[in-house]
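Subject: Structure handover

Hello,

Here is the structure we spoke about. Please open it first, then read my notes below.

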Amino acid sequence: MPKALETILELDLKALTNNFDYLKSKLSNNVKFMAVVKAFAYGSDACVVAKHLQHLDVDYLAVAYTNEGVALREAGITKPILVLHPQPVNFKSLIKHCLEPSLYSAKVLNEFIAIATTEKQTNYPVHIKFNTGLNRLGFWESDANYIISKLQDTEVVKVNSIFSHLAASEDLNETEFTLNQIKTFKTIAQDFISEIGYTPMLHMCNTSGLLNYPEAHFDMVRSGIGLYGFGNSAHENKFLKPIATLKSIISQIHRIEKGETVGYNRAYISDSFIKTATIPIGHADGIGRQYGNGNGFVTINNQKAFIIGNVCMDMIMVDITNIDCKEGDEVIVFDKNTTAEDFASTANTISYEIITSISRRIKRNIIK
Ligand SMILES: *Cc1c(COP(=O)(O)O)cnc(C)c1O
């Protein structure tokens, strides 16, 4: 890997292939793989990641919002794309770009049918989302008859899949709750299929569901975080490789005498002589203020350098008193050794949050 000359997010496509192969190895041959590339592929680069996955012959892609799907189409992605949380204002654009909506309420179902009718569609592929306990988005079990009556009235849409989402698939203390969600989903799906007269695909598992509940793989799994190298368990993390490395450099070194302060609000007051390094990355880049004041650390020449004082918009200052280093040296925020999950835990948050926060102004460097 080249040494950093500025703040850079390196994306390792070999690691992505490794993670995809590992997750697929957990599935029976007839189970399809939907790669979740919402939020810029979890803060990496959605077009690069989606293209690589398309090359690996992934079956489906998923994004959260319509504009994310449009960007993938404009980048030449031809695989089917599920839009998990589309807003009716974008339905025309969604249809124009052959994106497939998740329909999760009577309002969105009716608005989608109305717009697909105006757009002269037949059998447009849609996905019906049921709520089985997350209580976030989705029809209720008792809505099934209503949905079916709407669908039987129209040739405009065809249900490509029925799906639901697990609330606590990573938490083995919640196994009973999860098994109940799976059971509820099975009942909903059986009733739905017997009424509608054809068999849509069924899917329920995110990454942790895929890893912990093989009995819930159904026809397809939807995996996000696993592809990016995190399995929500120490055991699974051994087989997955973080694809993103966040690196920077030392811009300047300061010598701080006893009694001097460092940074905004003079939040750090030195009680002895220290040396600090200023690093060109701040809260505008995704390193939130909660990492400041001794919580988060970076790695310089294999040693931990803790963030001192408040995180600034464009910079952090770290304590290098006992580290042999000079201006221009490389700084690791997270990589395969000190992972984004390790970094996130210093501020009591999770891998998902830190990796999706890395700002667009940081250059992406693709390692093939
Ligand atoms: C984000 C998301 C996923 C992917 O979850 P991971 O834990 O990242 O694998 C799957 N399904 C839905 C509905 C989602 O919103």
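Is Glu-6 buried, partly exposed or exposed? Glu-6 is partly exposed, because its relative accessible area is 36%, and that value falls between the 20% and 50% cut-offs. Keep in mind that this is a predicted model. Every value here is computed from it.

**Overall picture**

The protein has 368 residues, and 54% of them count as buried. It holds 12 helices and 19 strands. Its C-alpha atoms fill a box of roughly 80 × 40 × 40 Å along the principal axes. The protein exposes about 16600 Å². Carbon and sulfur atoms supply 49% of that area. Take the contacts with a separation of 6 or more: residues 24 or more positions apart account for 66% of them.

**Salt bridges**

A search of the whole structure gives 10 salt bridges. Three of them are worth a look.

Start with Glu-6 again. Its side chain meets that of Lys-363 in a salt bridge, at 2.7 Å from N to O. Glu-6 lies in the segment before S1, and Lys-363 lies in strand S19 (residues 363-367), so the pair ties together parts that are 357 residues apart in sequence. Lys-363 is partly exposed, because its relative accessible area is 49%.

Next, Lys-3 and Glu-330. Their side chains form a salt bridge, with 3.9 Å from N to O. This pair also links distant parts of the chain. Lys-3 sits in the segment before strand S1 (8-12), Glu-330 in strand S18 (residues 330-334), and 327 residues separate them. Lys-3 is exposed, at 63% relative accessibility. Glu-330 is buried, with a relative accessible area of 16%. The pair belongs to a network of salt bridges that links Lys-3, Glu-10, Lys-247 and Glu-330.

Then Asp-314 and Arg-361. The closest N and O atoms of this salt bridge are 2.8 Å apart. Asp-314 is in the loop between strand S16 (303-308) and strand S17 (316-319). Arg-361 is in the loop between helix H12 (351-357) and S19, and the two residues are 47 residues apart. Asp-314 counts as partly exposed, because its relative accessible area is 32%.

**Cysteines**

How many disulfides does the structure hold? It holds zero. Cys-325 is in no disulfide, and the nearest cysteine sulfur, that of Cys-312, is 18 Å away. A disulfide needs two sulfur atoms within 2.5 Å. Cys-325 is buried, with a relative accessible area of 13%. Cys-205 is buried too, at 0% relative accessibility.

**The ligand**

- Thr-207: an N or O atom of its side chain is 2.5 Å from an oxygen atom of the ligand.
- Gly-224: a polar backbone atom is 2.9 Å from an oxygen atom of the ligand.
- Asn-206: an N or O atom of its side chain is 3.5 Å from an oxygen atom of the ligand.

Taken alone, the ligand exposes 390 Å². The protein buries 94% of that.

**Gly-209**

Where does Gly-209 lie? Gly-209 lies in helix H9 (residues 207-212). Gly-209 is buried, because its relative accessible area is 0%. Set aside its neighbours within four places in sequence, and Gly-209 is in contact with Leu-166, Ser-169, Pro-214 and His-217. Gly-209 and Thr-178 are 31 residues apart in sequence, and their C-alpha atoms are 9.0 Å apart in space.

**Backbone angles to check**

Two residues other than glycine have a positive phi:

- Ala-39 has a phi near 50°. Ala-39 is found in helix H2 (residues 38-43). At 31% relative accessibility, Ala-39 is partly exposed.
- Lys-120 has a phi near 55°. Lys-120 is in the loop between helix H6 (106-118) and strand S6 (124-129). At 73% relative accessibility, Lys-120 is exposed.

Best wishes

Notes
Residues are numbered from 1 along each chain as its sequence is written. This is a predicted model: local features need pLDDT of at least 70, side-chain atom pairs count only at pLDDT 80 or more; totals for chains, interfaces and linings use all residues. Side-chain values use heavy atoms; hydrogens and water are left out. Buried means under 20% relative accessible area, exposed over 50%, partly exposed in between (1.4 Å probe, protein chains only). A salt bridge is a side-chain nitrogen of Lys or Arg within 4 Å of a carboxyl oxygen of Asp or Glu. Helices (H or I, at least four residues) and strands (E, at least two) are DSSP runs, numbered from the N terminus. A polar contact is a pair of N or O atoms within 3.5 Å; within protein, one must be able to donate a hydrogen and the other to accept it, and residues adjacent in sequence count only if both atoms are side-chain atoms. Accessible areas come from the Shrake-Rupley method with a 1.4 Å probe; for residues, only the protein chains shown count as cover. Contact means heavy atoms within 4.5 Å.
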